[in-house]
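Dear colleague,

Please find below the structure we talked about, followed by some notes on what was found in it.

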Amino acid sequence: MPRRKGAPEVNAGSMADIAFLLLIFFLVTTTIETDAGLDRMLPPIEPPEEDVIIKQKNIFTVNINKNGQLLVEDNLMNLKDLRAAAIGFLENNADGSCNYCKGKKDPGSSDNPTKAIISLKNDRETKYSTYITVQNELVGAYNDLRNREAQRLYGRDFTKMEAEYLNPETPSAIRDDLKDKVKNIQDRFPQKLSEAETSTN
């Protein structure tokens, strides 16, 4: 009577090597997306040498409630009108010291762009997408004014100049040339965007 052979075995000795190689392959080739967040440069922590007095007319208040509605300077406003309202406030030029501003010189609004502050406050239940959209409109107001001034002085947009200046691949000679131009435009329209503590009601 012939002997019965056992079931053939699969050589699994190299399976661990193959699994390890696949693991390394996927770790090396996979890209993990990271959220960039909001680009904000925080000022250094320095105690003020003297008390700064800010006139109420130099503060442009923007409140977002939990339903996504905007209350701008105590008036309901549509999101599409926010950028124009912010631009009007920033370049109002009530004190007449800004010779490049095209504002209405309303005595009840901001004195000049260096004194103008935009205060943003939102409800704790405000949707993140609404908050970001409002932020974009306010930053867009600054960028529109800066682009206009950069076009007048240098014949190109501020946003493109700033992007080229911040690009590490830009040659140092070009970056040195752009540094003063970018700083000049930022000084003419400084971005003073204050975020007040969120409310719960």
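Phe25 lies in helix H1 (residues 15–29), where helices are DSSP runs of H or I with at least four residues and strands are runs of E with at least two, numbered from the N terminus. This is a predicted model, in which local features need pLDDT of at least 70 and side-chain atom pairs count only at pLDDT 80 or more, while totals for chains, interfaces and linings use all residues. Residues are numbered from 1 along each chain as its sequence is written, and side-chain values use heavy atoms, with hydrogens and water left out.

Phe25 has a relative accessible area of 46% and is therefore partly exposed (buried means under 20%, exposed over 50%, partly exposed in between, with a 1.4 Å probe and protein chains only).

Turning to the strands, which pair if DSSP finds at least two bridges between them, S1 (residues 59–64) runs parallel to S4 (residues 117–122) through 6 bridges, with Phe60 partnered by Ile118 in S4. S1 is also joined by 3 bridges to the antiparallel strand S2 (residues 70–72), where Val72 is the bridge partner of Val62.

Phe60, Val62 and Ile118 are among the residues that touch the most other members of the largest nonpolar core, which has 26 residues (a set of buried Ala, Val, Leu, Ile, Met, Phe, Trp, Tyr and Cys residues joined through side-chain atoms within 4.5 Å). The largest share of this core, 8 residues, is supplied by H3.

Best regards
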